[in-house]
Amino acid sequence: MSTVERTSDTAPFFSDDSESEAQDDGRAEPRDGEESPSGVSPRRALLTVFILCYINLLNYMDRFTVAGVLSEIEHYFEINDSKSGLLQTVFICSYMFLAPVFGYLGDRYNRRYIMSVGILFWSLVTLLSSFTPKQHFWALLLTRGLVGVGEASYSTIAPTIIADLYVQGKRTNMLSIFYFAIPVGSGLGYIVGSQVNSAVGDWHWALRVTPGLGLVAVVLLLAVVQEPKRGAVEARSEHQLHQTSWTRDLQALRKNRSFVLSTFGFTAVAFVTGSLALWAPTFLLRAAIFSGEKVPCEQQQCSSSESLIFGIITCVTGVLGVASGVQLSRALRSRTQRADPLVCAAGLLLSAPFLYLAIVTAELSTVATYVFIFLGNTFLSMNWAIVADILLYVVVPTRRATAESLQIVVSHLLGDAGSPYLIGVVSDSLRREQSFLWQFRSLQLSLLLCAFIAVIGGGFFLATAMFIETDRKRAENYDPSDDEPIVVPKSGRSTRVPVSSVLI
C-alpha cells in the first residue's frame with residue numbers, strides 16, 4: 001500500500017467517499033457483475049458480509065441465551081454462583097484453546113468449508129445441551145464446552161474473509177456491520193432466552209432456538225459464499241505473500257508491538273464484558289429483591305424483566321457504541337494516525353466510572369442504575385470494530401487468521417474465560433450468610449473489579465498508540481524476501497542465515 005492509501009481513511013462512515021478512495025489509490029472500483037481482484041463480484045461480496053454478520057449474530061445470541069435464564073438454571077440444578085460461572089468459563093476455554101488450530105487451518109485451506117463444518121457441529125451440540133437432565137449438571141458443562149469448538153472455527157476466520165474482500169474505508173465499514181452483530185446478538189440472547197422461558201415455562205426450550213437458525217447459516221455459506229483470493233484486493237497476490245511456517249508467524253506477531261498491546265487492551269474488554277454478560281441480569285434481580293421492589297424468587301421460573309431490559313440495553317448501546325467509535329476514529333484520522341488506539345483507550349477509560357456508579361447505585365435507584373449501565377456499555381462497545389481493524393492493518397494477509405486466533409487465545413485466557421467464574425468465587429467467599437442481603441452485597445462487591453480492569457485496558461491502548469504508525473507502515477511495506485534465508489560463505493562452507501543479519 002502506498003502513503004496515498006492511508007489518507008482515504010478519513011472518509012465518513014458509510015459515505016459515498018469510498019468511491020473516491022478507490023480512485024485515489026489507483027484501483028478502479030469494480031462494477032456489479034465484474035470480477036474484483038479478490039475473485040468475488042461486488043454483489044456476492046456484499047452478500048457474503050451479510051451472511052457472516054448473520055452467523056456472528058447467532059454466535060453471540062447462543063452464547064448469552066444461558067445468561068438470560070441463569071437464575072432458572074441455578075434453581076433447576078441447585079448450584080451456587082461459582083458453578084454458575086463455570087458455564088461461561090468451560091465454553092470460553094474450549095473456544096480459546098481451539099482457536100489457534102482453526103487459525104492455522106484458516107491461513108492454509110478453504111475457509112468456507114471449515115466454517116460450515118464448525119457451525120454444523122455447534123448447532124447439533126447446542127441442541128443436545130437442551131436435553132440435560134436435572135441430575136447431570138456436568139453434562140450441561142460438557143456440551144457448553146463443545147459449543148466452543150464450533151464457534152472457534154468461525155470467529156477466527158470470518159474477519160479475514162472480509163479483509164480479503166475490501167480495503168481501507170470500505171473494509172472498516174464492513175467490519176462495523178460485522179461487529180454490530182456482537183452487541184445485537186448478545187442482547188437478543190438475553191431477550192430470546194428470557195422470553196422463550198416465560199412463554200413455555202421451561203428454560204430448556206431457550207437453547208433450542210439457535211440450532212435451527214445455525215443450519216440455515218450452513219446452507220447459506222455453501223450456496224452463496226465464495227472463497228476470496230488472499231491479499232489480492234490489496235494488490236498483493238497470494239504468490240507474492242507466500243506462506244511461512246507457523247513458528248515464524250508466531251515470532252513475527254510477538255515482535256509486533258501494536259498487535260501485542262492492543263491484544264492486552266482487548267483482554268480487558270473481554271474480562272469486563274464476560275463478567276457483566278453473565279452476572280448483570282442476576283445482579284439486577286438481586287438488587288430489586290434487596291430494595292423491596294420484588295419478592296424473592298423461590299421457584300424455577302423467575303421474573304424475566306431484568307434479562308429483557310438488559311438485553312434491550314445491550315442491543316441499543318452496542319449499535320451506538322460501535323457506530324460512534326468508528327465515526328470518532330474517522331474524524332480523528334485526519335489529525336493523527338494514532339486515532340484508532342486513542343479512541344479505544346477513551347472508550348474504556350470513560351466506561352469505568354459509569355460501570356462503577358451502576359454497581360454502587362443499584363440498591364438506591366433502579367432508573368439510575370440502568371442509565372449508568374447504558375452509558376458504560378456504550379463507551380465499552382466503541383472499540384469492537386476498531387480493534388479488529390487495527391489487527392488487519394498491522395498484520396500481513398497470510399498471518400491474519402493466525403493473529404486472530406492468537407488474539408482470541410490471549411484475550412479469553414486472561415479475560416472472559418475466567419472472569420465469570422472469578423466473580424462467582426469472590427462473591428461466594430465474601431458472603432457471610434445465606435441471606436438475600438448477602439446474596440446481593442457479595443455479588444455487588446465482586447463486580448467492582450470490572451471498573452478497575454477497564455482502566456488497565458485503557459492504559460494498554462494508550463501504549464498501543466505509541467507504536468501504531470511504525471507497525472502499520474511495516475505491514476504495508478512488507479517484503480516476503482525478508483523472511484527468506486540466503487547463502488553466505490563461511491570458512492569455505494555455505495551457511496543459511498536470515499537476510500536481516502547481513503544487511504548494513
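R208 sits over the face of F131, at 4.3 Å from the ring centre; a charge counts as over a ring if NZ of Lys or CZ of Arg is within 6 Å of the ring centre and within 35 degrees of the ring normal. Welcome to this predicted model, in which local features need pLDDT of at least 70, side-chain atom pairs count only at pLDDT 80 or more, and totals for chains, interfaces and linings use all residues. Residues are numbered from 1 along each chain as its sequence is written, and side-chain values use heavy atoms, with hydrogens and water left out.

**Charges over rings**

- Besides R208 over F131, you can look up R472, which lies over the face of Y393 at 4.0 Å from the ring centre.

**Salt bridges**

- The whole structure holds 12 salt bridges, each defined as a side-chain nitrogen of Lys or Arg within 4 Å of a carboxyl oxygen of Asp or Glu.
- One of them links D62 with R144, whose closest N and O atoms are 3.8 Å apart.
- D62 belongs to helix α3 (residues 42–68) and R144 to helix α7 (residues 137–155), so this pair ties together parts that are 82 residues apart in sequence; helices here are DSSP runs (H or I, at least four residues), numbered from the N terminus.
- Both D62 and R144 are buried, a word that stands for under 20% relative accessible area (1.4 Å probe, protein chains only).
- D249 and R108 also form a salt bridge, at 3.6 Å from N to O.
- Here D249 is in helix α11 (residues 246–254) while R108 is in the loop between α5 (81–106) and α6 (111–129), so the pair ties together parts that are 141 residues apart in sequence.
- D249 is buried, and its relative accessible area is 0%.
- Through salt bridges that share partners, R108, D249 and R399 join into one network.
- In another salt bridge, D340 meets R333 with the closest N and O atoms 2.9 Å apart, and both D340 and R333 are buried.

**Aromatic pairs**

- There are 12 aromatic pairs, counted when rings of Phe, Tyr and Trp (its six-membered ring) have their centres within 6.5 Å.
- Y190 and F310 have ring centres 5.0 Å apart and planes at 80 degrees, so they make an edge-to-face pair; that label applies to planes over 60 degrees apart.
- Y190 is buried at 1% relative accessible area, and F310 is buried at 4%.
- Y60, F64, Y190 and F310 form one aromatic cluster.

Terms used
Helix = DSSP H or I, 4+ residues; strand = E, 2+ residues; numbered from the N terminus. Buried < 20%, exposed > 50% of the residue type's maximum accessible area, 1.4 Å probe, protein only. Phe/Tyr/Trp six-rings, centres within 6.5 Å; stacked < 30°, edge-to-face > 60°.
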